[in-house]
Each structure stands twice: as structure tokens, then as C-alpha cells.
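Visitor: I would like to learn how to read aromatic pairs in a protein model. Please show me the case at hand.

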Amino acid sequence: CIVFFLKVADHLQHVLANFNASYAIISALSDASVERLKMSWSRVSEDFLQLYQKLQNLWSISHNFRTYR
């Protein structure tokens, strides 16, 4: 299920250029209640974990969204 949302967020951002929806999905996956789902996250492959990290870094609020701009 987590992989599905990562694929959707990536597709929204790179193919459809729908940045708001991509941001909403990454924000939801970054929520504490979702990140505590250890068994679900353990089933996510390393490739998708790297994609998640990449998308998280893009939407990072540090330095006033510098990487997004």
C-alpha cells in the first residue's frame, strides 16, 4: 500500500506536474502515525525507500522550501 502511494506521488510530480497532490501524499506518509507502521515500512523495497527520501527532501520546509524552488 505504501509503495502504491509512492508511485502515485512520483507520477503526479513528474508526469502530471501536480505538485500539490504530490506534496499532500508525501506529507501524509510523513505523519507520525504512518511512520510508526514498522511492518508496513519493512515491506517497502530499498528503491522505493530512496524514492521516498528523495521526495521528502524535495518537500522539506528547511530554508524556506529551497530545494522545491
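Visitor: Is Phe5 buried, partly exposed or exposed, and what is the relative accessibility?

Guide: Buried means under 20% relative accessible area, exposed over 50%, and partly exposed in between, with a 1.4 Å probe and protein chains only. Phe5 has 35% relative accessibility, so Phe5 counts as partly exposed. Phe4 is exposed, at 51%. The model is predicted: local features need pLDDT of at least 70, side-chain atom pairs count only at pLDDT 80 or more, and totals for chains, interfaces and linings use all residues. Residues are numbered from 1 along each chain as its sequence is written, and side-chain values use heavy atoms, leaving out hydrogens and water.

Visitor: How is a pair of aromatic rings described?

Guide: By the distance of the centres and the angle of the planes. Rings of Phe, Tyr and Trp (its six-membered ring) pair if their centres lie within 6.5 Å; planes under 30 degrees apart are stacked, over 60 edge-to-face, and the rest tilted.

Visitor: How many aromatic pairs does this rule give?

Guide: Two. Phe4 and Phe5 are edge-to-face, with 5.4 Å between centres and 75 degrees between planes. Trp41 and Tyr52 are tilted, at 4.9 Å and 40 degrees. This second pair links distant parts of the chain, 11 residues apart: Trp41 lies in helix H4 (residues 38-42) and Tyr52 in helix H5 (residues 46-58). Helices here are DSSP runs (H or I, at least four residues), numbered from the N terminus.

Visitor: Are Trp41 and Tyr52 buried or exposed?

Guide: Trp41 is buried, with a relative accessible area of 12%, and Tyr52 is buried at 6%.

Note on methods. Helix = DSSP H or I, 4+ residues; strand = E, 2+ residues; numbered from the N terminus.
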